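I opened a notebook for this structure.

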Amino acid sequence: MSMSFSIEQIRAIRHMEGPALVLAGPGSGKTTVITQRILHLLRNGIPPEDILVITFTKAAAAEMEHRFQKLLADSELQNAGAVTFGTFHSIFFFILRLHYHLSIKNIITEREKKSTLQAFVEDEQIDTSYDMEFFRLLTGEVSRCKALGRDMDNFESALMDTEKFHRIRKRYQESMRSRRLLDFDDMLLLCHKLFLEHPDTLKRWQERYRYILVDEFQDISPIQYEIVRMLAAPENNLFIVGDDDQSIYHFRGADPRIMLNFENDYPKTVRILLSNNYRSCPEIVRFAGNVIRQNHTRFPKDIHAMSQSQGKTFCYRTSNAQDEYALLLQNILKDHQNGLPYGQIAVLFRTQTLIRPLLTELSLRQIPYVIKEHVPNLYEHFIAKDIIAYLRLSLNRGTRSDFLRIMNRPVRYIRRDAITGRTPSFHDLFQYYRKNPMLLDNLRKMMQDLITIRSLPTAAAILYILKKVGYETFLKSYSREIHVKKETFHAILKELEHSALRFPDIASWLAFTEDYDELIKQGITKDAKQKEGIRLMTYHASKGLEFDSVHLVDVIETVIPSQKAVSIEDIEEERRCFYVALTRARNALHIYITNTRYAKNCSPSRFLLEGYYGQTENSRC
């Protein structure tokens, strides 16, 4: 064994029989440990077909297999046969396919899933127009519910009435069953059922895979864990690698308590801590450690920085969001001018929607960027569409559809059949309502409002629509009607106002909103390695990656931790999320906070204060 490995790594690599729990902190070389351990098993006579390596994503499985094959090619075991690498879903579907004679055609597409759920949601008379992400959130809830396995009926929906949710879920499941379709969650449930009902089948797979290695074990769900335990029995050669401090997928059904209780399930477990961080400079490791130590539900760890880099943690405080983004871009351009490639710079956000303002700035300045995640188009939100319709009508560019959209927002009692032509005509409307004084007054006010709007700068025009036209009153009423917090709509409005400040001319702003999709598509890529640009992503999407320079934007209360985080468990997950973001940085960590955001006062995140605990005063914001 090469002395380039630490003592802890060597212990993990040489582990042969029985359960092992490897706690692998950020930058600890866990992929190297896993691939070297596979090689060690082969050198000790374990047949390659007996080894199963499970990861959570196809990309991770491909990377792991690529790293292992390269290692194998440089060893004396070049013709060692095929070790199985795969995700939970690919492995379990392989098992199901052989038993039930399934094919790829039995897997439901995302489009089919959405249309199926949409029909059942409409039957429950649930209004989804207020939220572009409704069906993404619903499919997420269905997935989390299924991840509970036998405890599905105890799941409580945060999106809708729980009884309605379970009616929709059960109808969705029945529809899938009748068409012999599966989604990814069904693969787990059906595989679990197969093993319970067919012990002979389970035994065959237990004999096939005698050595099981699971990467990123902290992200495992209850149903995944149950199946893995069944597969690993009776020999229990289960080698799990992960970091409970990086368990951030509770919304997908992951439960960090599974990892924390692993030694109770397997009393003979060998626990190994990979305590060396080979990625980040000492100051970043110390800062991140100060943060995560505030969590109580975790394995205690003392992580050491092996890098001798004199990297730093920088904190900036600005008056408002505009100044924050200006400073961010200034720092990025300065680093790039000093020789740092754009591809080694990452800007991380707590949520996808927070990315939008920076996308606009980067696109307008023609600074290259790369983004893999789907970012909801702000201008596709119903509020944005309403505002855009008003502005188009004010410039005499409005269509019949635009007029129908806003004619009763706020309520003006205009009937749909009063709009007869392809383009709206106030002259025709005055004729239609010539004997109705109240409607004539409403129409006169609407016409005058549109004339006024035309004369205003874009941001002022939006404010006029809200306050003077009465659109804000409509939103308050609508939020009560559909049981949505008015703050949800307030955030969209403020983002629209912020966007409009860039384009005082209404026509220019409308042109920008129309071209926005195409503008953003230029930065979206499925393969970040093929494109040079600043990496933009959420904290979650950054997991497993590393960069020379990392910028964390909006590190303020209500953003991180999220205002939705209420319980102690929620706060601890938010803190783990922040820890993941911090530990992506090798040499430079830039943290930004703002005093005001969308006209609201802000305070620094409590996690920021925890990170600076024990640091010198001059290193603080």
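I began with a rule: a salt bridge is a side-chain nitrogen of Lys or Arg within 4 Å of a carboxyl oxygen of Asp or Glu. I am reading a predicted model, where local features need pLDDT of at least 70, side-chain atom pairs count only at pLDDT 80 or more, and totals for chains, interfaces and linings use all residues. Residues are numbered from 1 along each chain as its sequence is written, and side-chain values use heavy atoms, with hydrogens and water left out.

**Entry 1: salt bridges**

I searched the whole structure and got 44 salt bridges. I looked up Arg415 and found its side chain in a salt bridge with Asp417, at 2.6 Å from N to O.

I then checked exposure (buried is under 20% relative accessible area, exposed over 50%, partly exposed in between, with a 1.4 Å probe and protein chains only). Arg415 is partly exposed at 47%. Asp417 is partly exposed too, at 40%.

Next I took Lys301. Its partner is Asp245, with the closest N and O atoms 3.0 Å apart. Lys301 sits in the loop between helix H13 (282–292) and strand S8 (304–305), and Asp245 in the loop between strand S5 (238–242) and helix H11 (256–260), so the pair ties together parts 56 residues apart in sequence. I noted that helices (H or I, at least four residues) and strands (E, at least two) are DSSP runs, numbered from the N terminus. Lys301 is buried, at 11% relative accessibility. Asp245 is buried as well, at 2%.

I also looked up Glu546, which meets Arg586 in a salt bridge of 2.9 Å, N to O. This pair links distant parts of the chain: Glu546 is in the loop between strands S12 (534–538) and S13 (547–552), and Arg586 is in strand S14 (585–594), 40 residues apart. Glu546 is partly exposed, at 33%. I then found one network, in which salt bridges that share partners join Lys30, Asp215, Glu216, Asp219 and Lys543.

**Entry 2: the second largest pocket**

Which residues lie nearest the centre of the second largest pocket? I found Gln173, Arg177, Leu189, Leu190 and Lys193 there, among 22 lining residues. On a 1 Å grid over the protein atoms alone, a pocket is an open set of points where a 1.4 Å probe fits, with protein on both sides within 12 Å along at least five of seven lines; lining residues have an atom within 4 Å of a point.

Helices H7 (162–178) and H8 (184–197) each supply at least two lining residues. H8 gives the most, with 6 residues.
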